[in-house]
Amino acid sequence: MRSTLMKTLMLTVIGLSLVGCANMTTQQRNTAIGVAAGAAIGHAVGGNTEATLGGAALGGVIGSQVR
């Protein structure tokens, strides 16, 4: 039961976040993608909150510079 609830909640959050990206500029969208990717990679590498936040910050900066 709990697993089904978590999956439903995650799908809802993902769906709502995609709707929120509809009016973004290209730079804003690239920044958001960079933040998400950086956070995922930071957590995979470091496995703690500091690594996740550092990866998100670095990914956001890199994503904002992509043309």
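Which residues in H2 meet which residues in H3? In this predicted model, the H2 side of the contact comprises Gln 27, Asn 30, Thr 31, Gly 34, Val 35, Gly 38, Ala 39, Gly 42, His 43 and Gly 46. The H3 side comprises Ala 51, Thr 52, Gly 55, Ala 56, Gly 59, Gly 60, Gly 63 and Ser 64. By class, four residues of the contact are nonpolar and 14 are polar.

The geometry of the pair was then examined. Two packed helices are described by the angle between their axes and by the distance between those axes. Helix H2 spans residues 26-46, and helix H3 spans residues 49-65. The two pack at an angle of about 150°. Their axes lie 6 Å apart. Angles over 145 degrees count as roughly antiparallel; H2 and H3 are therefore roughly antiparallel to each other. The crossing of H2 past H3 is right-handed.

The protein as a whole contains three helices and zero strands. From the N terminus on, the order of elements is α-α-α. The radius of gyration is 14 Å, well over the 11 Å that the globule rule gives for 67 residues, so the protein is more spread out than a compact globule. Along the principal axes, the C-alpha atoms fill a box of roughly 45 × 35 × 10 Å. Of the 67 residues in the protein, 16% are buried.

Technical notes. Residues are numbered from 1 along each chain as its sequence is written. This is a predicted model: local features need pLDDT of at least 70, side-chain atom pairs count only at pLDDT 80 or more; totals for chains, interfaces and linings use all residues. Side-chain values use heavy atoms; hydrogens and water are left out. Axes are lines fitted to C-alpha atoms, for helices over the stretch in contact, and angles run from 0 to 180 degrees between N-to-C directions. Helices (H or I, at least four residues) and strands (E, at least two) are DSSP runs, numbered from the N terminus. Angles under 35 degrees count as roughly parallel, over 145 as roughly antiparallel, 65 to 115 as roughly perpendicular and the rest as oblique. A crossing is left-handed if the near helix is turned anticlockwise from the far one by less than a right angle, and right-handed if clockwise. Contact means heavy atoms within 4.5 Å. Ala, Val, Leu, Ile, Met, Phe, Trp, Tyr, Cys and Pro count as nonpolar, Asp, Glu, Lys and Arg as charged, and the others, Gly among them, as polar. The radius of gyration is taken over C-alpha atoms; the globule rule is 2.2 Å times the number of residues to the power 0.38. Buried means under 20% relative accessible area, exposed over 50%, partly exposed in between (1.4 Å probe, protein chains only).
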